[in-house]
Amino acid sequence: MPCLYGLFDERNAMKKSPRTKKLEETLRSSRLSGRGFLGDDRRSLQEILDADAKQVQKLGYTARQIAKRMQELTEAARPGLGDWVEVSENLRVWADDSRGIIACPWAHAFRANKTVTTVERLDTGKTIKWADLSIHLIAEHGFFQGRGSYFRLEPSELVEIIF
Ligand SMILES: [Zn+2]
């Protein structure tokens, strides 16, 4: 479903529309997700989106490619029902079975399960985790969340682990 507030529709970063302001308030509030989606990041939503978009481009990927790979790994993890699943020689994944759903803060009709996927790279020992909603936020909104938020994903770390 196309999103009214999507990253790619946000042409005018200088002037915040009331809708953008409202979205930013929602993302900062802790009501939805522990420390909110922005954590203690002092940057504006647009600054966060722009900086991560630049990072992603520099890494040679698109947000959708990254999200697609995350989705594959999450799907690979699900049948494990709380146990590690070996995906390749160097990669294993694990999905928790937490219940409940969470709505996309971009005020459109998207809901995600609260499942959390953990990915471990066996050659480096590095791990990273994300919620189902994180995949949608990256694919549809180019949003990797703010620094200090529970599910902040640094594009460089993410790419290093999952590809
Ligand atoms: Zn959304």
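**Close-up views of a predicted model**

**View 1. A charged side chain and two tryptophans.** Arg-92 lies over the face of Trp-84, at 4.1 Å from the ring centre. This and every other view is taken from a predicted model. The ring of Trp-84 also pairs with that of Trp-94: the two centres are 6.5 Å apart and the planes meet at 45°, so the pair is tilted. Trp-84 belongs to the loop between H3 and strand E1 (85-88), while Trp-94 belongs to strand E2 (residues 91-95), and the two are 10 residues apart.

View 2. Four side chains coordinate the zinc ion at 2.0 to 2.3 Å, namely Cys-104 through SG and His-108, His-136 and His-141 each through NE2. The angles subtended by the 4 donor atoms around the zinc ion run from 103 to 122°, and because four donors count as tetrahedral if all angles lie between 85 and 135 degrees, the arrangement is tetrahedral. For comparison, the ideal angle for four tetrahedral donors is 109.5 degrees. Along the chain, the donors of the zinc ion follow the spacing C-x3-H-x27-H-x4-H. Cys-104 sits in the loop between strand E3 (101-103) and strand E4 (111-113), whereas His-136 sits in helix H4 (residues 132-141), so this pair ties together parts that are 32 residues apart in sequence. Cys-104 is buried, with a relative accessible area of 5%, and His-136 is likewise counted as buried, at 8% relative accessibility.

View 3. The model holds 4 aromatic pairs, and one of them is formed by Tyr-61 and Phe-163, whose rings are stacked at 4.2 Å centre to centre with 15° between the planes. This pair links distant parts of the chain, because Tyr-61 lies in the loop between helix H2 (45-58) and helix H3 (63-77) and Phe-163 lies in the segment after helix H5 (155-162), which puts them 102 residues apart. Tyr-61 is partly exposed, with a relative accessible area of 26%, and Phe-163 is also partly exposed, with a value of 35%.

**View 4. Helix H3 and its buried face.** With 15 residues at 1.5 Å a residue, H3 should span 21 Å, and this agrees with its end C-alpha atoms, which are 21 Å apart. The buried residues of H3 are Ala-63, Ile-66, Ala-67, Arg-69, Met-70, Leu-73, Thr-74 and Ala-77. When the helix is seen down its axis, these buried residues fall within an arc of 160°, so they line one face of H3.

**View 5. A leucine of helix H1, and the chain as a whole.** Leu-23 has its place in helix H1 (residues 18-28), where it counts as buried at 7% relative accessibility. Leu-23 and Leu-45 are 22 residues apart in sequence, and their C-alpha atoms are 8.9 Å apart in space. The chain around them has 5 helices and 6 strands, and from the N terminus on its elements run α-α-α-β-β-β-β-β-β-α-α. Of the 163 residues of the chain, 45% count as buried.

How values were computed:
Residues numbered from 1 in each chain as written. Predicted model: local features only at pLDDT ≥ 70, side-chain atom pairs only at ≥ 80, totals over all residues. Heavy atoms only, no water. Donors = N, O, S within 2.8 Å, 3.2 Å for Na, K, Ca; no water. Tetrahedral: all angles 85-135°; square planar, octahedral: opposite > 155°, others 65-115°. Helix = DSSP H or I, 4+ residues; strand = E, 2+ residues; numbered from the N terminus. Buried < 20%, exposed > 50% of the residue type's maximum accessible area, 1.4 Å probe, protein only. Phe/Tyr/Trp six-rings, centres within 6.5 Å; stacked < 30°, edge-to-face > 60°. Lys NZ or Arg CZ within 6 Å of the ring centre and 35° of its normal. Expected span 1.5 Å × (residues − 1). Arc of directions from axis to C-beta.
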